[in-house]
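Keep the structure in view while reading.

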Amino acid sequence: PNAGVQAAMKNIWASLFRDSVASVNQHLQAILAALTAGMPPRQRRTRESCCIAPCDLLPGRLAVAPAQQGGDLVPWLATLWEHTFKVLDDVKESVRVAADRTARTLSALCARLCDSTKSEQGRRCIGVVLPVLLGKGVGSKVEAVQGVALRTTLRISKEAGPLIRPFAATFIASLLENLSNLEPSSLNYLSFHADKHGMTADRLDALRMSAARSSPLTEAIDETLRHVDGEVLAVLVPRIVEMVRLGVGLPTKAGCAHVAVHLCRSGGFAEELR
């Protein structure tokens, strides 16, 4: 992060490596290992430097490239996201700012790699990235982590197209569960103090359902529902029934009803929904 150190390191690098691109490609896997190992340490400058580096290293790279172009990126994506989520909540503001840049870089990279035209590469990327985004990102208590995870999840749901089908049941069920977990705190407060603010139960429920319908999670659910088939429904419907039966929060129940209405209106799943 220090400008003077940056300049010195660039001069040393230029004197050691005539072909910078070829050198980085040759040692990309080792560089990624060093970066992921450098995000957790105690030293603030190490964490910040390891957040800044991926912004220069990753853009424009292929997920699965020949060895001379750096090799396979996909196995590193989960670890990069996990460490980035941690430093987004760092005690040092400069580290948080650098981590935000890293998160945006990773978000753009994953959206590109999960594009519907990428076939097998896209499916591998979705299978690696979605569990981390949903499990450790969307469900996080840190607002910055939630925000980038939600944005990336929505981008992937739009870009992946039919490639998301093998993961659709788990994806939609996880999004439905998080509708209640991510309900605005103001509505959660009103649910316990409605009488003090002259709010009727019906009015409060209407506000909560409206918030659930306008959530980015619902937008991602709608995008994914376009690609479900009978095989996905066989897994998804029992999970939705189980969520409603177990008495989950109102936003999740409203989301389950939204999915059920969508499937019934689509007209193509009469036999599966019986």
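In H9, the buried residues are Ala 168, Ala 169, Phe 171, Ile 172, Ala 173, Ser 174, Leu 175, Leu 176, Asn 178 and Leu 179. This is a predicted model. Because 10 of the 14 residues of H9 are buried, the helix is largely enclosed by the rest of the structure. Buried here means under 20% relative accessible area.

What covers those buried residues? The cover includes helix H7 (120-138), H8, H11, H12, helix H13 (230-245) and helix H14 (250-266). H9 itself runs over residues 168-181. From first C-alpha to last, H9 reaches 20 Å, close to the 20 Å expected at 1.5 Å a residue.

An α-helix has 3.6 residues a turn, so residues three or four places apart point the same way.

Now the pockets. The table sets out the two by volume and by the make-up of the lining.

| Item | Largest pocket | Second largest pocket |
|---|---|---|
| Volume | about 1000 Å³ | about 200 Å³ |
| Nonpolar | 15 residues | nine residues |
| Polar | five residues | three residues |

Start with the largest pocket. Four helices each supply at least two residues of its lining: H1 (3-16), H2 (20-26), H3 (28-38) and H4 (44-57). Which helix gives the largest share of this lining? H1 does, with seven residues.

H8 gives the most, with four residues. H8, H11 and H12 are also among the helices that cover the buried residues of H9.

Last, confidence. The mean pLDDT of the protein chain is 85. Of its residues, 92% reach 70 or more. Where is confidence highest, and where is it lowest? It is highest in helix H5 (residues 74-87), at a mean of 93. It is lowest in helix H10 (residues 185-193), at a mean of 71. Where pLDDT is low, the predicted coordinates should not be read in detail.

Key
Residues are numbered from 1 along each chain as its sequence is written. This is a predicted model: local features need pLDDT of at least 70, side-chain atom pairs count only at pLDDT 80 or more; totals for chains, interfaces and linings use all residues. Side-chain values use heavy atoms; hydrogens and water are left out. On a 1 Å grid over the protein atoms alone, a cavity is a set of points where a 1.4 Å probe fits but cannot get out, and a pocket is an open set with protein on both sides within 12 Å along at least five of seven lines; lining residues have an atom within 4 Å of a point. Grid points are joined across faces, edges and corners, and a volume is the space filled by probe spheres set on the points. Ala, Val, Leu, Ile, Met, Phe, Trp, Tyr, Cys and Pro count as nonpolar, Asp, Glu, Lys and Arg as charged, and the others, Gly among them, as polar. The expected span of a helix is 1.5 Å times one less than its number of residues. Buried means under 20% relative accessible area, exposed over 50%, partly exposed in between (1.4 Å probe, protein chains only). Contact means heavy atoms within 4.5 Å. pLDDT is the predictor's confidence in each residue, from 0 to 100.
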